[in-house]
Amino acid sequence: MNIIIFGPPGAGKGTQSDFIVKKYKLIKLSTGDLLREEINKKSPLGIKITSIVNSGSLVSDDIINSLIETIISNKNYKNKIIFDGYPRNLSQAETLNKLLLKHDQKINIVIRLKVSLDVIKKRIIGRVVCSKCGNIYNIFFKPPKENTICCKKEFLKKRDDDNIDVTIKRFETYEKSTEPVLDFYKKMNLIKDINGETNIEAIYSKITDYLSVLEAWLYIITPYNYAFKTYTQ
Ligand SMILES: [Zn+2]
């Protein structure tokens with residue numbers, strides 16, 4: 001199965017997709033990772049990307065799409081991809097569909113983690129780190145235990161990079177840019193909404209409910225793919 005996971009920054013998308021990758025033996029495709037890999041490889045494309053990034057410009061859709069195709073066309077990853085942070089706009093979503101079709105695949109499910117700006121703000125504002133042991137807490141959702149020996153109030157510090165204005169801006173950008181993409185997948189009946197305001201375990205359990213049903217269904221309609229997958233791993 002091929003999955004897309006959506007969620008605003010701070011929704012816990014990365015954590016959840018890591019769990020999914022492990023349980024369903026998928027590979028995570030994030031455009032950030034793809035770009036970094038290419039840069040590190042110092043391939044001709046990687047060198048081109050380095051100069052684009054250094055000049056402060058955005059890497060074009062063409063470059064991103066060609067990197068995506070190298071993964072989609074790889075037989076080892078067929079029907080085993082989770083897309084994280086991609087597609088970001090409608091044009092990328094349309095290209096992704098074409099690329100998948102070309103390589104005899106499609107998106108099987110789109111998971112949307114729904115978290116309100118209010119909760120994301122609290123996750124950021126409430127985040128404190130114990131300056132003695134490095135434990136991370138949240139004064140709203142996960143305060144340190146009372147009568148703790150180490151993580152006393154006077155040791156808890158806010159992190160400098162937790163900037164609320166940046167958070168709001170990122171949230172708004174996410175909402176605005178993903179709206180047409182989500183409409184696109186809504187028309188294809190692929191979206192499953194998950195309440196992302198509960199805890200990590202509850203969210204993960206909801207996701208696996210959907211994925212396990214999907215996997216069972218895919219096994220019924222394409223048993224060969226799945227038998228093959230099982231015996232070659
Ligand atoms: Zn501590």
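**Entry 1: Glu197**

I started at Glu197. Leaving out residues up to four places away in sequence, I find Glu197 touching Lys114, Val115, Ser116, Val119 and Arg123. I note that this is a predicted model. I placed Glu197 in the loop that runs between strand S8 (191-195) and helix H8 (200-221). I then looked up the separation from Lys114.

**Entry 2: the whole chain**

I stepped back to the overall numbers. I count nine helices and eight strands in the chain. The C-alpha atoms fill a box of roughly 60 × 45 × 35 Å along the principal axes. The chain has 233 residues, and 38% of them count as buried. I put the accessible surface at about 14,100 Å². Carbon and sulfur atoms hold 55% of that surface. I also looked at contacts between residues at least 6 apart in sequence; 70% of these join residues at least 24 apart.

**Entry 3: the zinc site**

Next I went to the metal. Which residues coordinate the zinc ion? I find Cys130, Cys133, Cys150 and Cys151, each through SG, at 2.2 to 2.4 Å. I wrote down the spacing of the donor residues as C-x2-C-x16-C-C. Cys130 sits in strand S5 (residues 127-130), while Cys151 sits in the loop between strand S6 (136-138) and strand S7 (156-158). The pair therefore ties together parts that lie 21 residues apart in sequence.

The four donor atoms subtend angles of 99 to 120° around the zinc ion, so the arrangement is tetrahedral. For reference, the ideal angle for four tetrahedral donors is 109.5 degrees.

I looked up the cover on two of the cysteines. Cys130 is buried, at 2% relative accessible area. Cys151 also counts as buried, at 5%.

**Entry 4: the nonpolar patch**

I looked for nonpolar surface. Ile125, Ile139, Phe140 and Phe141 make a nonpolar patch of about 390 Å².

Ile125 belongs to helix H6 (residues 117-125). Its relative accessibility is 41%, so I list Ile125 as partly exposed.

Ile139 lies in the loop between S6 and S7. Setting aside neighbours within four places in sequence, I find Ile139 in contact with Gly126 and Val128. Ile139 and Gln105 are 34 residues apart along the chain, and 45 Å separates their C-alpha atoms.

I picked out Arg112 and found it in strand S4 (residues 109-114). Arg112 counts as buried because its relative accessibility is 15%, under the 20% limit. What does Arg112 contact, apart from neighbours within four places in sequence? I list Phe6, Leu182, Ile191, Lys192, Asp193 and Ile194.

Glu38 lies in helix H2 (residues 31-41). I get 11% relative accessibility, so Glu38 counts as buried. Leaving aside neighbours within four places, Glu38 is in contact with Ser43, Leu45, Gly46, Ile49 and Leu67.

**Entry 5: backbone**

I finished on the backbone. Most residues other than glycine have a negative phi, and most peptide bonds are trans. I noted some exceptions.

Which peptide bond is cis, with omega near -5°? I find the one from Tyr86 to Pro87. Pro87 lies in the loop between strand S3 (81-84) and helix H5 (90-102).

Asn79 is not a glycine, but I read a positive phi of about 55°. I placed Asn79 in the loop between helix H4 (61-72) and S3.

Asn189 has a positive phi as well, near 65°. I placed Asn189 in the loop between helix H7 (164-187) and S8.

Note on methods: Residues are numbered from 1 along each chain as its sequence is written. This is a predicted model: local features need pLDDT of at least 70, side-chain atom pairs count only at pLDDT 80 or more; totals for chains, interfaces and linings use all residues. Side-chain values use heavy atoms; hydrogens and water are left out. Patches are made of residues with over 30% relative accessible area and no salt bridge: like charges are joined within 9 Å, nonpolar side chains (Val, Leu, Ile, Met, Phe, Trp, Tyr) within 5 Å. Accessible areas come from the Shrake-Rupley method with a 1.4 Å probe; for residues, only the protein chains shown count as cover. A salt bridge is a side-chain nitrogen of Lys or Arg within 4 Å of a carboxyl oxygen of Asp or Glu. Helices (H or I, at least four residues) and strands (E, at least two) are DSSP runs, numbered from the N terminus. Buried means under 20% relative accessible area, exposed over 50%, partly exposed in between (1.4 Å probe, protein chains only). Donors are N, O and S atoms within 2.8 Å of the metal (3.2 Å for Na, K and Ca); water is not among the atoms, so sites may look incomplete. Four donors count as tetrahedral if all angles lie between 85 and 135 degrees; four count as square planar and six as octahedral if opposite donors are over 155 degrees apart and all others between 65 and 115; anything else is irregular. Contact means heavy atoms within 4.5 Å.
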